[in-house]
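Keep the picture open while you read.

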Amino acid sequence: MKRLSLLALPALGACNGIQSVTGGDGYHGQDFNSLFTVFMVVTGIAYLLVILFLGAAVFRRRGERQDLPGQSEKPEHRGLSRALAGWLAFIVIGLSVLTIASYFTDRSSARAAAAPAVLQIRITANQWWWEVEYLDATPSNIVRTANELHLPVGIPAHIRLSSNDVIHSFWVPNLAGKQDMIPGRGVDISVKPTKAGIFRGQCAEYCGQQHAHMALDVVVESRESFEAWRRAQLAPAAAPATPLAKAGYNYVTGKECAACHNITGTPANGQIAPDLTHFASRRSIAAGTLPMTRGHLYGWIADPQGPKPGNKMPYIGLHADELHAVVAYLETLK
């Protein structure tokens, strides 16, 4: 089936990347790619046959004279009858192939979802960011982060999905298909990455003004790297070491920020906005809206409504010294 994929999708090869339906970087993604290849082959052959028949009909019509009444059936008419019978046979066989391929792909996905998952994750969609929790029987081992999903390569993960406000849709095309997230209704999806790499997830259901800026960085890494990342995420926030960072710590944990954001190991224990305990270790700011750089961090903190209008983080109006201090402190949260 992989050989068929290579033959049927050469034109789409350049589309592979961090967000590609043809990436096939997960077990489910490979299944969908194989099914897509079967559909492309069958429907492509049907399309070519239709074009050939159409061309033949146009060419034949140009040289055809009007048949006289009572004239016996021409040999080419009998050829057309046989061609029509062959076409009907192709339609029956083609639809049967598509039906059987769809069935086996569906059963393969169902078996993968039913297999025991080593990793249990809960992802909650909000306007417009993702809350990610790595579940564990021991509460102190639960990892809570935002807008970034880490997965070990080759390890099945079961992800529970829910929404806090409107309908969202979880989609990491390189790894698996879409799954809608409806408020008040829990759904799930299973993923098993087969290749290490960095991919991009996206909300695939229009959810408001900043729907396009609701992305999810997905990092697939070795089991050892994943466990190292998880241990680092379990640690409390690092204590500030410089006077400027300490001033930022006092502001962030003692004023408006602490009402919404949590920073483990500090007085900031808000629960309605992204967890900032290891904020600076992430690849992006504001659910993929901006890369994680100092310049973008300044811009985001100074005016969050500028790059992402309508988001729930209000404009605070920090003085220059306060802005410098807050950025200096947030940069220590790795």
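Predicted model: local features only at pLDDT ≥ 70, side-chain atom pairs only at ≥ 80, totals over all residues.

## The big picture

The protein chain has eight helices and twelve strands. Of its 334 residues, 40% are buried. Now take the contacts in the chain with a separation of 6 or more: 64% of them involve residues 24 or more positions apart.

Let's begin in a loop. Met214 sits between strand S9 (197–203) and strand S10 (215–221). Is Met214 buried or exposed? Its relative accessibility is 0%, so Met214 counts as buried; the cut-off for that is under 20%.

Which residues does Met214 touch, apart from neighbours within four places in sequence? The list is Ala125, Asn126, Trp128, Trp129, Trp130, His168, Gln202, Cys203, Cys207 and Ala287. As for Gly201, it is 13 residues away from Met214 along the chain, and the two C-alpha atoms are 8.7 Å apart.

Most peptide bonds are trans, and most residues other than glycine have a negative phi. With that in mind, have a look at the bond joining Gln127 and Trp128: this peptide bond is cis, with omega at about 0°. Trp128 belongs to the loop between strand S1 (119–126) and strand S2 (129–134), and Trp128 is also one of the residues in contact with Met214.

Next come two residues with a positive phi. Asn147 isn't a glycine, yet its phi is near 60°. You'll find Asn147 in the loop between strand S3 (143–146) and strand S4 (148–152), and it counts as buried because its relative accessibility is 8%. Ala287 isn't a glycine either, and its phi is positive at about 55°. Ala287 lies in the loop that links S11 and S12. With a relative accessibility of 1%, Ala287 counts as buried, and Ala287 is another of the residues that Met214 contacts.

## A glutamine in helix H4

Now move to helix H4 (residues 223–234), where Gln233 is located. Gln233 has 12% relative accessibility, so it counts as buried. Leaving out residues up to four places away in sequence, Gln233 touches Val143, Thr145, His278 and Ser281.

## Where H7 meets H8

How do helix H7 (residues 294–302) and helix H8 (residues 320–330) cross? Their axes come within 10 Å, and the crossing angle is roughly 125°. That angle makes H7 oblique to H8. The crossing is right-handed. On the H7 side, the contact is made by Arg294, Leu297, Tyr298, Ile301 and Ala302, while H8 brings in Leu323, His324, Val326, Val327 and Leu330. Sorted by class, that gives eight nonpolar residues, one polar and one charged.

Which residues of H7 are buried? They are Leu297, Trp300 and Ile301. If you look down the axis of H7, these buried residues fall within an arc of 95°, so they line one face of the helix. The cover over them includes strand S11 (284–285), strand S12 (290–291) and H8.

## H8 has another partner

H8 also meets helix H5 (residues 243–254): the two axes come within 7 Å and cross at roughly 95°. H5 and H8 are therefore roughly perpendicular to each other. From H5, the residues that take part are Leu244, Ala245, Ala247, Gly248, Tyr249, Tyr251 and Val252, and from H8 they are Glu322, His324, Ala325, Val326, Ala328 and Tyr329. By class, the contact has ten nonpolar, two polar and one charged.

Finally, what about the buried residues of H8 itself? Leu323, Ala325, Val326, Val327, Ala328, Tyr329 and Leu330 are buried. The buried residues of H8 pack against both H5 and H7.

Notes. Residues numbered from 1 in each chain as written. Heavy atoms only, no water. Axes fitted to C-alpha atoms, helices over the stretch in contact; angles between N-to-C directions. Helix = DSSP H or I, 4+ residues; strand = E, 2+ residues; numbered from the N terminus. Parallel < 35°, antiparallel > 145°, perpendicular 65-115°, else oblique. Left-handed = near helix turned anticlockwise from the far one by under 90°. Contact = heavy atoms within 4.5 Å. Nonpolar A, V, L, I, M, F, W, Y, C, P; charged D, E, K, R; others polar. Buried < 20%, exposed > 50% of the residue type's maximum accessible area, 1.4 Å probe, protein only. Arc of directions from axis to C-beta.
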